[in-house]
Amino acid sequence: VQLQASGGGLVQAGGSLRLSCEASGRTFSSYIMGWFHQAPGKEREFVSIIDWSGGNTDYADSVKSQFTISRDNAKNTVYLQMNSLIPEDTAIYYCAASHSYQRDSYWYIYWGWGTLVTVSS
């Protein structure tokens, strides 16, 4: 599976962005999908996860009220809607695929290249 994230960019604080991650191949619906981010000088962190059907989702506490994850299996795409962005959300955002519903990046076997989100104050 190859993953391509897009939708990042420069946005002012309080603004919104929607990230997309498109997967190649026919087996997208068999993967649990996650979003992670890595801020400058920091380790990569879990952001959100969604199960195969989209019926179950989970978020890092820091983004629970701001971000919404969703997926469209017909389009082989997972989304991350990010609202009320703050400068601390500035990071490279990565999508990843797993067979396990886990937050830990250890469980993810395919990773996209990432898309940069910059939030200005």
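A residue counts as buried when its relative accessible area is under 20%. In this predicted model, Cys 95 sits at 0% relative accessibility, so it lands well inside the buried class. Cys 21 is buried too, again with a relative accessible area of 0%.

These two cysteines belong together: Cys 21 and Cys 95 form a disulfide, with 2.0 Å between their sulfur atoms. The bond ties up distant parts of the chain, since Cys 21 lies in strand β3 (residues 17-23) and Cys 95 in strand β9 (residues 91-98), 74 residues apart. The link is right-handed, with 65° about the S-S bond, and the structure holds 1 disulfide.

Next comes strand β5 (residues 45-50). Here 5 of the 6 residues are buried, so the strand is largely enclosed by the rest of the structure. On one side there is strand β4 (residues 32-38), which pairs with β5 in the antiparallel sense over 5 bridges; Trp 35 stands opposite Ser 48 of β5. The hairpin of β4 and β5 has 6 residues between the strands, and Gly 41 takes a positive phi near 75° there. β5 also pairs with strand β6 (residues 57-59), antiparallel again, over 3 bridges. Ser 48 turns up here as well, standing opposite Tyr 59 in β6. In the hairpin of β5 and β6, with 6 residues between the strands, Gly 54 has a positive phi near 90°.

Finally, there is the matter of open space. The largest pocket holds about 190 Å³. Its lining includes His 37, Lys 42, Glu 45, Val 63 and Asp 89.

Technical notes. Residues are numbered from 1 along each chain as its sequence is written. This is a predicted model: local features need pLDDT of at least 70, side-chain atom pairs count only at pLDDT 80 or more; totals for chains, interfaces and linings use all residues. Side-chain values use heavy atoms; hydrogens and water are left out. On a 1 Å grid over the protein atoms alone, a cavity is a set of points where a 1.4 Å probe fits but cannot get out, and a pocket is an open set with protein on both sides within 12 Å along at least five of seven lines; lining residues have an atom within 4 Å of a point. Grid points are joined across faces, edges and corners, and a volume is the space filled by probe spheres set on the points. A disulfide is a pair of cysteine sulfur atoms within 2.5 Å. Helices (H or I, at least four residues) and strands (E, at least two) are DSSP runs, numbered from the N terminus. Buried means under 20% relative accessible area, exposed over 50%, partly exposed in between (1.4 Å probe, protein chains only). Two strands pair if DSSP finds at least two bridges between them.
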